[in-house]
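Hi there,

Here is the structure I promised to pass on to you. Have a look at it first, and then read on for what turned up.

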Amino acid sequence: MTLAASRSASYTVLRGVATRYAARRFIQTGQGAGGAEAYLEPVREHPGITSLLLNRPKSKNAISLRLLKEFQECLDTVQFDKSTRVLIVRSSTVGSFCAGADLIERATMSKAQVDKFLIDLRRALGTLEGLPVPTIAAIDGPALGGGLELGLACDLRVAGHAVTKIGLTEVKLGIIPGAGGTQRLTRLLGLAKAKDLIFTARVLTAAEAHQAGVVDYVSDPDTTAFDKALQLAQQISANAPLALKAAKQAISRVPELGLESGLDFERASYEPLLHTKDRLEALQAFKEKRAPVFKGE
């Protein structure tokens with residue numbers, strides 16, 4: 001074999017390895033997961049950004065008893081993890097997000113088990129919604145029923161350009177959304193639009209979901225929802241952590257407070273920030289015409 005031919009062959013092999021590696025960044029990204037159905041993984045190139053991965057590829061991440069338990073454990077960890085500034089909820093495999101509850105497992109459960117599952121699911125999504133850090137759902141595949149309800153519990157939602165199945169389809173199964181869908185979708189879209197989507201059980205494409213306001217962003221062609229979510233997370237995580245926490249708290253209280261009470265709560269959230277080290281750092285960085293280095297203090 002000539003030197004040129006050897007180099008060409010080596011390049012072909014390396015290119016193939018690189019392609020397979022790029023595809024596998026969705027597939028069990030990190031051996032530390034140890035077969036878990038939900039696990040946390042820091043985005044190594046971007047300190048402060050953490051992924052919560054759903055890892056049941058054969059069932060499109062349908063929510064099983066085990067996945068729900070491990071999902072809650074991950075959320076409990078993030079709740080007190082000062083190193084996480086933004087959380088991205090995503091699938092470990094390309095072409096997936098969460099297909100809702102595991103109906104095959106559900107068929108084997110007693111009424112008491114179903115009741116406990118629904119209570120635990122409500123708690124988990126409440127914990128997700130109440131996390132002190134901004135959260136982003138990276139929807140790279142079907143988000144149906146409980147899967148979309150999971151996405152609605154995040155602060156922001158990004159859908160992959162090619163995603164074609166987003167919706168609350170429970171009435172087709174003789175039930176209604178039971179993990180916050182009737183409440184969170186209505187708060188997001190208003191009464192009429194929420195009724196329209198739930199009554200018709202309409203399944204939306206990514207573009208339709210964006211137009212309706214169900215998702216906030218759609219990825220560019222040939223990119224994924226996770227790619228777009230990561231860009232968004234970088235923009236968010238560059239800001240002061242304590243300010244992000246306070247902003248989330250103030251905005252999240254809007255539905256339950258009148259204007260004057262809301263303004264009082266906003267002021268109460270604003271005042272403590274004036275005396276933080278991050279505030280002083282921001283002022284100093286502005287004076288020195290440089291990017292601030294925030295520490296969450």
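Which residue forms a salt bridge with Lys248? It is Asp155, and the closest N and O atoms of the two are 2.9 Å apart. Asp155 lies in the loop between helix H5 (146-152) and strand S6 (156-159), while Lys248 lies in helix H10 (residues 241-252), so the pair ties together parts that are 93 residues apart in sequence. Asp155 is partly exposed, with a relative accessible area of 29%, whereas Lys248 is buried at 11%. Please keep in mind that this is a predicted model.

The count of salt bridges comes to 17, and here are some others to look up. Arg157 and Asp216 meet through their side chains in a salt bridge, at 3.7 Å from N to O. Arg157 belongs to strand S6 and Asp216 to the loop between helix H8 (206-212) and strand S8 (217-218), so this pair ties together parts that are 59 residues apart in sequence. Arg157 has 3% relative accessibility and counts as buried; Asp216, with 28%, is partly exposed. There is also a network: Glu37, Arg56, Arg66, Glu70 and Asp102 are joined by salt bridges that share partners.

Arg66 counts as partly exposed, at 41% relative accessibility, but Glu70 counts as buried, at 14%.

Next, strand S3 (residues 86-91). In a regular strand, side chains alternate between the two faces of the sheet. In S3 both faces are covered: Val86, Ile88 and Arg90 are buried on one side, and Leu87, Val89 and Ser91 are buried on the other. Strand S2 (residues 49-54) pairs with S3 in the parallel sense, over 6 bridges, and Leu54 stands opposite Ser91.

Arg90 has another contact to show you: Arg90 lies over the face of Phe226, 3.9 Å from the ring centre. Arg253 lies over the face of Phe265 too, at 4.6 Å from the ring centre. As for aromatic pairs, the structure holds 0.

Finally, the surface. Leu103, Leu173 and Ile175 form a nonpolar patch there, with about 300 Å² of accessible area together. Ile175 is found in the loop between strand S7 (166-167) and helix H6 (181-189), and counts as partly exposed at 46% relative accessibility.

Enjoy exploring!

Methods: Residues are numbered from 1 along each chain as its sequence is written. This is a predicted model: local features need pLDDT of at least 70, side-chain atom pairs count only at pLDDT 80 or more; totals for chains, interfaces and linings use all residues. Side-chain values use heavy atoms; hydrogens and water are left out. Patches are made of residues with over 30% relative accessible area and no salt bridge: like charges are joined within 9 Å, nonpolar side chains (Val, Leu, Ile, Met, Phe, Trp, Tyr) within 5 Å. Accessible areas come from the Shrake-Rupley method with a 1.4 Å probe; for residues, only the protein chains shown count as cover. A salt bridge is a side-chain nitrogen of Lys or Arg within 4 Å of a carboxyl oxygen of Asp or Glu. Helices (H or I, at least four residues) and strands (E, at least two) are DSSP runs, numbered from the N terminus. Buried means under 20% relative accessible area, exposed over 50%, partly exposed in between (1.4 Å probe, protein chains only). Rings of Phe, Tyr and Trp (its six-membered ring) pair if their centres lie within 6.5 Å; planes under 30 degrees apart count as stacked, over 60 as edge-to-face and the rest as tilted. A charge sits over a ring if NZ of Lys or CZ of Arg is within 6 Å of the ring centre and within 35 degrees of the ring normal. Two strands pair if DSSP finds at least two bridges between them.
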